[in-house]
Amino acid sequence: MAGNRISVRALDSDGLGLKTMAESGKTDNFGETLKPFYLRASAAEERLSKLEAVLVTKKGGQDEELLKTISELQSKLKDANTEAEKLTAENEKLKYRVKHLIRAVKEADLKLESM
């Protein structure tokens, strides 16, 4: 954009035709007119870069917190899965015992009835 030539046109003093700003002799004024805008734009870019830097540092801190939380949750999930596996195995053993107890009770009932 720096190499682009400004081709803003203005009416000449007669109002009959168009002249470029260079032809009308206002190019020196144009640079001076835009100088405050360039200064404000530069200041805004500096503030923006500072804000982006702050955002990156805060985001980095948040990422660390999130990673820590995720790690803790994964650890708790692993513990819960281990506990669930133990309880499932114990439940299967208890079901087996109940099944045999029910069979033993039925056999005892049959023996009592046959007496």
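Modeller: Gladly, and let us begin with a term: pLDDT is the predictor's confidence in each residue, on a scale from 0 to 100. This is a predicted model, and the protein chain averages a pLDDT of 79, with 73% of the residues scoring at least 70.

Colleague: Where is confidence lowest, and where is it highest?

Modeller: The lowest confidence in the protein chain is found in strand 1, residues 9–11, where the mean is 44, while helix 2 has the highest, at 88. Over residues 1–18 the pLDDT stays under 50, and for that stretch the model has 15 contacts beyond four places in sequence.

Colleague: OK, and in what order do the elements run?

Modeller: Starting at the N terminus, the order is β-β-α-α, so to speak of totals, the protein chain has two strands and two helices.

Colleague: New topic: how much of the protein chain counts as buried?

Modeller: Of its 115 residues, 3% count as buried. The protein chain exposes about 11,000 Å², and carbon and sulfur atoms supply 59% of that area.

Colleague: Switching to charges, how many salt bridges does the structure hold?

Modeller: The structure holds one salt bridge, formed by E92 with K95, whose closest N and O atoms are 3.9 Å apart.

Colleague: How are E92 and K95 placed along helix 2?

Modeller: They are three residues apart in helix 2, so about one helical turn separates E92 from K95.

Colleague: Are those two buried, exposed or partly exposed?

Modeller: E92 is partly exposed, with a relative accessible area of 46%, and K95 is partly exposed as well, with a value of 47%.

Note on methods:
Residues numbered from 1 in each chain as written. Predicted model: local features only at pLDDT ≥ 70, side-chain atom pairs only at ≥ 80, totals over all residues. Heavy atoms only, no water. Helix = DSSP H or I, 4+ residues; strand = E, 2+ residues; numbered from the N terminus. Buried < 20%, exposed > 50% of the residue type's maximum accessible area, 1.4 Å probe, protein only. Areas by Shrake-Rupley, 256 points an atom, 1.4 Å probe, with all protein chains shown as cover. Salt bridge = Lys/Arg side-chain N within 4 Å of Asp/Glu carboxyl O. Contact = heavy atoms within 4.5 Å.
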